[in-house]
Structures are given as C-alpha cells and as structure tokens.
Amino acid sequence: MAQDLVGFSSDYQFWMQKLSVWHQASTLETQQDTCLHLPRFQEFLRQMYEVLKEMDSTMIIERFPTIGQLLAKICWNPFILAFDESQKLLLWCLCCLINKEPQNSEELKLNSWTRGLLSHMLSAFRFDTKELGLFTQGLGYAPADYYPGLLKNMVLSLVSELRENHLNGFNTQRRMAPEKIRFLSRVCVPLVTLPDAEPLVEALLTYHGYEPQEVLWPEFFDAVNEAFLLKKISLPTSAVICLWLRHLPSLEKATLHLFEKLISSGRNFLRRIECFLKNSLLPEAACHPAIFRIVDETFRYALLETDGAPEVLATIQVFTWCFVEALEKQNKQLKFTLKTYFPYASPSLVMVLLQHPKDIPQELWHQPLKHISEMLREIVEDQTHRSYGGPFECWFLFIHFGGWADIAAEQLVMSEAEPPEALLWLLAFSYGPCDGSQQRVQTMVEVKAVLGHLKRLLRNPILSARDLQAAAAEGRDQDTRPPSCQQLIRHLLLNFLLWAPGGHAIAQEVITLMAPTDEIGHEIAGFLDQTLYRWDHLCLEAPRPRKLAQELLAELRAHI
C-alpha cells in the first residue's frame, strides 16, 4: 500500500500540472494533447479510485489537500468525460469524498461541494450548471446553499420524467430517448449507494419502456444488486422484484448470497433461517412464478450437489413456508395458477400438499396423508405418469412440504391401530427416494416391526432406555439396514420419547445411547428444532412434549 501511494503521489503531481495547462488554454494544441493522453489518464483515475476507497473523506483531504481542484478540473473537461469509462471512474472518486454522517462544518461543506460536482455530472439531462451558477450567484446565494437542493431536485425531476415516459407510451415526441435512459443508468452506477440518488435508482428499476431489448446498463443492475445484498441501499420490494426479473444474474447472485450467509453462520436454528430468508426478500419476490422457478432450480442443484444435506432440506422447507405465507398475503385470489409454479408436477398433488394442516382438524389429518401417499405412489411406481418426472422429482416436490412427513411419523407413533400401509410407504419414500420398490418394501417391514415393539412398550408400567434401544434394534453391533432406514427409525424413537407418558424420565439416557457420534447428535438436534418450528406453525398446544423437546435440544447444543 505504501509503495502504491508513492507511485500514485508522483502521478498525481504530473496530472495536476497537465490538467492546469488543459484548463487554462483551450486551444487546438491542448485539445490534441488531451486526446493523446486520455487512455493513460483513465488508468490514473482507476488507480486514484483504488487509493481513495481505502480512506475516509477526512484522511483523503489530509493526504491530498488539492484533490478538490483536481476533481473539479476533470469534471469540466468534456474530452475526459466523453472517453470510455472515465466518467464512471470520476463518479466513483467523487463518492469517496462524501461523508454519510458529517460531524462538523468542514465535512458538511465538503459534502455540499461534492454534491455540486455530482449535479454537474447529471446536468447533461437538464440544463447547463454553469449558467445556473451565474444565476444563483446573481441572487446572492453561495454554492453551499443550493447544491444539496439542486441535486435532490434534479433527481426528482429525472424521476418525474421517467414516470411520464412510461405513461406516454408510443407518443415518441414526449418520450425520453432509450439511449438517454441507458446513459443515465450508466451515470448512476457509482451513485447507487447515495441516499440522494435512491429515488432515481428505484425509478430506473421500475421503468418499463417499449424497446425490444433491455435499455439499462448491465453494470447498473450489478451495482444495485450488490448494494442491496450488502444492505447499503434500501429499496421497496417492487423495485427489487423488477431488478431480479430484468437481470437474471442478479437473482442468481441473490440466491447464492443467501446460501453463503447460511453456510458462514454455521448450524442455524430454523427461526434464524426464516429470518435470513425474509430479509433476503426472496420468498416475497417468488410470488412471481419466474422468480420462484429460478430460485427453486437453484435449490434443486444445491440439493444434488450436497447429496441431500439436512441444512439444504431445512432451507427449502422454511423457504416454502415463507413463500406460501407471502402468497396468501398477496393473493386472496391467485394471480397465477399453481401450474406456473410447479409446471412438471401433478396439479391435484400440489393442491393437496398446499393444504395447511392447521386448517384441518387433527383427527382428520390421516385423510390428506393417505391421499398424498396414494398419488405419490401412483406417479413413482406407475410408468404411465412419466410426464410428472421420476422418483427424485416427486420427492423434490414433496420435501417442499416436508411437514406432512413429520405429521405421518407422529400419527404412526401415537395411533394404537395397525399402521396404515399408505403412511408406511410415505415415510419410506420420504427418507429413501432413490430406493427401488423392493428396498422400500423392506423399509416398510422394518418400520412396522419397530412400531409394534414401541406399542408393546407403552403397556409396560416402567419404560427403560435399554428396552427402547432393543425395540428399535439400535444397539446391535452391525446394523445392516440402509442409513435412510436407520435415520427414519431414530426419528420414530424421538417422536415416541416426546409423546409417551414416561418418555421424559429416560429421554437423556436414550439420546446418549442414540447419538454416539457428533454427526448423529447434530441430526437429532436438527430433528428437534424442526419439530418445535412445525408445532409453532401449526399452533399446536403440546406443553409436555414441547418442554421436553426444548430441554433435549438445549442439552445437545451445549455438548456438540
């Protein structure tokens, strides 16, 4: 950094002298000299921005006292402003001088002066700032009095013109030319984080012209999206949706940014995942089918790449809960058919999955569960339904609404009746979507046997952890059952512990026996967290199971 500053200081003095010569005499020779040096000068501007962005405004002025003169001379040189990316680099440098929270009169004065130069940069769309300066000076106003208001009014004027442009439709005489809008969006790239420019950024995002191709500069979308993701700019949801609909890379980056936040935060509670999701605006934006399908496809790839990681599964389920909630708020009457969100799924299956369990009496939950299982089984095992995809596609749809599988597990554990085959198949498919029919049948047999043992244990006056482990065959040295089957049985045992009258007394000991490794401990903690989250969404009153789940979860988190 020190070496860079030495080199930059030397270049700074050279260009300061050059600019003084160019500024003092506008002759053919000086113009030719300017044009000859433009490529080198642009590199100097790029270097200057790299130096300035590492400092605050006070440090910049201390280190380079004459930088104001330098930037002002650049701003009034039309050859420099017209060359390649020089205007954009100049705007970036100017933005480095603005102090968002000025502490004294000097910082306020610097902000006002910088806004004046920014106003000049935008003046190409309105009027000659030099003439305006002469007029205001004639009235007795100093630049510090009118520059802040000038920038604000200029922004509002451009916003008004953009909105009128949309209303004018095909009246070409009153419309702003597409190239002018494109240039305006380019000028705004370095300004997107300035509060004064936010109305203009929003107006550009929501502007809809009649041009066959996108008129806004791609770098404008990138800059706005990055500022939004880093919380450097506040935009209404409608503007963010316009951004993502108009610029696919921004939407993809927003989705990947969400995953990066979730991964960098370590293992998250579902409530925290929900907070991340809602702050991202993705569930709300996904009410538009085009956005939903792109986000959903990103989830699909993440699931495949991570081999069905529990964190990704949890994120998909919470995202779907948030999405459905946003959909209900926005659309009492659906604007889009469900087919537009899930184009390759059975519409009747989607309709059943979308039913909220809390809207159905608990004693009737077995009916939608049976219906879901029958429809899934028919699609998965019947070759005539290939238009709805194979087993993975059906499972991917089902895990969006994974709460139904958890309810099925609870129903099987709590019911004293013979386990229904439909619910056994649903759980076997949910935990082992890639298993063949024969393997799935074997899982159903194993689960049915474990449920029989658990029901017999309920009749014992005293429950013991060893008896429970033996009932699930968890203690045998070599468990030949597939990992998916082992996981399903562990989750059935946990449900049994939460709901059985004597479960509280042996819960800690059972968890210790069930979780010999941190990996299984994390899995059990995830299951308990998901259970509590689901109960909250169902508004389920279960004081004793809820308290036990909270205690076990706190204990696990303290030790893993």
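## Helix 17

Helices are DSSP runs of H or I with at least four residues, numbered from the N terminus. This is a predicted model, in which local features need pLDDT of at least 70 and side-chain atom pairs count only at pLDDT 80 or more, while totals for chains, interfaces and linings use all residues. Residues are numbered from 1 along each chain as its sequence is written, and side-chain values use heavy atoms, with hydrogens and water left out.

The buried residues of helix 17 include Pro289, Phe292, Asp296, Arg300 and Leu303; buried means under 20% relative accessible area (1.4 Å probe, protein chains only). Among the elements that cover the buried residues of helix 17 are helix 13, helix 14 (248-264), helix 18 (310-330) and helix 22. Just after helix 17, Asp307 has a positive phi of about 55°.

## Aromatic pairs

The whole structure holds 27 aromatic pairs. Rings of Phe, Tyr and Trp (its six-membered ring) pair if their centres lie within 6.5 Å; planes under 30 degrees apart are stacked, over 60 edge-to-face, and the rest tilted. Phe228 and Trp244 form an edge-to-face pair, because their ring centres are 6.1 Å apart and their planes are at 75°. This pair links distant parts of the chain, with Phe228 in helix 12 (residues 218-229) and Trp244 in helix 13 (residues 237-246), 16 residues apart. Both Phe228 and Trp244 are buried.

The rings of Phe392 and Phe396 have centres 6.2 Å apart and planes at 5°, so that pair is stacked. Phe392 and Phe396 are four residues apart in helix 22 (residues 391-400), and therefore about one helical turn separates them. Phe396 counts as buried because its relative accessibility is 6%.

One aromatic cluster is formed by Phe8, Tyr12, Phe14, Trp15, Trp22, Phe41, Phe44 and Phe64.

## His491

His491 lies in helix 27 (residues 483-499). With 8% relative accessibility, His491 counts as buried. Its side chain makes a polar contact with the side chain of Tyr431 (2.7 Å). A polar contact is a pair of N or O atoms within 3.5 Å; within protein, one must be able to donate a hydrogen and the other to accept it, and residues adjacent in sequence count only if both atoms are side-chain atoms.

Leaving aside neighbours within four places in sequence, His491 is in contact (heavy atoms within 4.5 Å) with Tyr431, Glu523 and Phe527.

Notes: Helices (H or I, at least four residues) and strands (E, at least two) are DSSP runs, numbered from the N terminus. Buried means under 20% relative accessible area, exposed over 50%, partly exposed in between (1.4 Å probe, protein chains only).
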